[in-house]
Amino acid sequence: MRLEQQPENLEFSNFLLEIGTNPKEVVNLPSTMNKCQNMHEMISSVYPLLGKDGPMSTEHLTERIILSPRNEDVHEINLEALGNLQGEAYTYLAADKMIRDDHGRDSRFTTEFLNNLNPPGSPPFKLDIKVGCPVMLLRNLAPKKGMCNGTRLVVTRCGRYVIEAKIIIGKKAGEIVFIPRITFQPSPSELDIQMERLQFPIRVAYEMTINKSQGQSMKYVGIDLRTPVFSHGQLYVALSRCTAARRITLLMSNESNECFNLETKNVVYPEILL
């Protein structure tokens, strides 16, 4: 449904249907996809204007994304991409504390220990951003104004107590909004510690997890396959975000590059079955 109506995408559409409905232990990736050797090459391929003079346009950011199966890899590539963006970096530190239990106890863990935690769905303790970088909301702040969980924005101004940003997706694209700090309380299923974190509800969004990208369409997609995807469903979701196979770039692990010949027509990439 997302693919552009071009003859070259007919074979790719059949390929997507095959891996989406008949998963196999080994997937032959089409040769039309671009391959890169390292993280820097991946970032340059998906964001060719990053690091050039002046900020990237909203349209340039809206139509591009890098996907990865793990939060750790997402954080790594986002930091690398943010470092390539010109401009002053702003650092925001969160305020972490334990939640008192029924007996009034809250001193089982030190503040320094809490600062090193990175609960799923919560912002990092140390948030680094720059004006012009894309970010993603992690909570529903004002759905009627377009400020929903997963909304992508571009930072336009960094204040001490509030961040100004412009929405770049959805019906409210182009509108300026203000993002305050809010309190996060990870659920027991996310983190077996009762804690609170006061931080801006955003993450840098040059890259996002495959699961978070569901429902979105992009013209240019990079897929980080250094870590095998957890299931065939994730591979299908990642590949189907792009509207043309020739605009997909794959980052393969060194082990995969050694085991499989990238110059041949097909690349064999093993996946882990659940």
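**Entry 1: Ile176.** I'm working from a predicted model. I found Ile176 in strand E10, which covers residues 176-180.

**Entry 2: the patch.** Next I checked what Ile176 belongs to on the surface. Together with Tyr161, Val162 and Phe178, Ile176 forms a nonpolar patch there. I noted about 410 Å² of accessible area for the four together.

**Entry 3: the largest pocket.** I then turned to the pockets. The largest pocket has a volume of about 600 Å³. Which of its 28 lining residues are closest to the centre? I wrote down Asn71, Val74, Asn118, Arg203 and Thr209. Helix H4 (71-84) gives the most to this lining, with 6 residues. Strands E6 (126-130), E13 (202-204) and E14 (207-209) each supply at least two. Sorted by class, I have 12 nonpolar, 9 polar and 7 charged residues in the lining of the largest pocket.

**Entry 4: the second largest pocket.** For this one I got a volume of about 260 Å³. Its lining includes Met1, Arg2, Leu3 and Gln5, and Tyr236 and Ser240 are among the lining residues too. Which helix gives the most to the lining of this second largest pocket? My note says H1, residues 8-21, with 3 residues. By class, the lining of the second largest pocket divides into 5 nonpolar, 3 polar and 1 charged.

How values were computed: Residues are numbered from 1 along each chain as its sequence is written. This is a predicted model: local features need pLDDT of at least 70, side-chain atom pairs count only at pLDDT 80 or more; totals for chains, interfaces and linings use all residues. Side-chain values use heavy atoms; hydrogens and water are left out. On a 1 Å grid over the protein atoms alone, a cavity is a set of points where a 1.4 Å probe fits but cannot get out, and a pocket is an open set with protein on both sides within 12 Å along at least five of seven lines; lining residues have an atom within 4 Å of a point. Grid points are joined across faces, edges and corners, and a volume is the space filled by probe spheres set on the points. Helices (H or I, at least four residues) and strands (E, at least two) are DSSP runs, numbered from the N terminus. Ala, Val, Leu, Ile, Met, Phe, Trp, Tyr, Cys and Pro count as nonpolar, Asp, Glu, Lys and Arg as charged, and the others, Gly among them, as polar. Patches are made of residues with over 30% relative accessible area and no salt bridge: like charges are joined within 9 Å, nonpolar side chains (Val, Leu, Ile, Met, Phe, Trp, Tyr) within 5 Å. Accessible areas come from the Shrake-Rupley method with a 1.4 Å probe; for residues, only the protein chains shown count as cover. A salt bridge is a side-chain nitrogen of Lys or Arg within 4 Å of a carboxyl oxygen of Asp or Glu.
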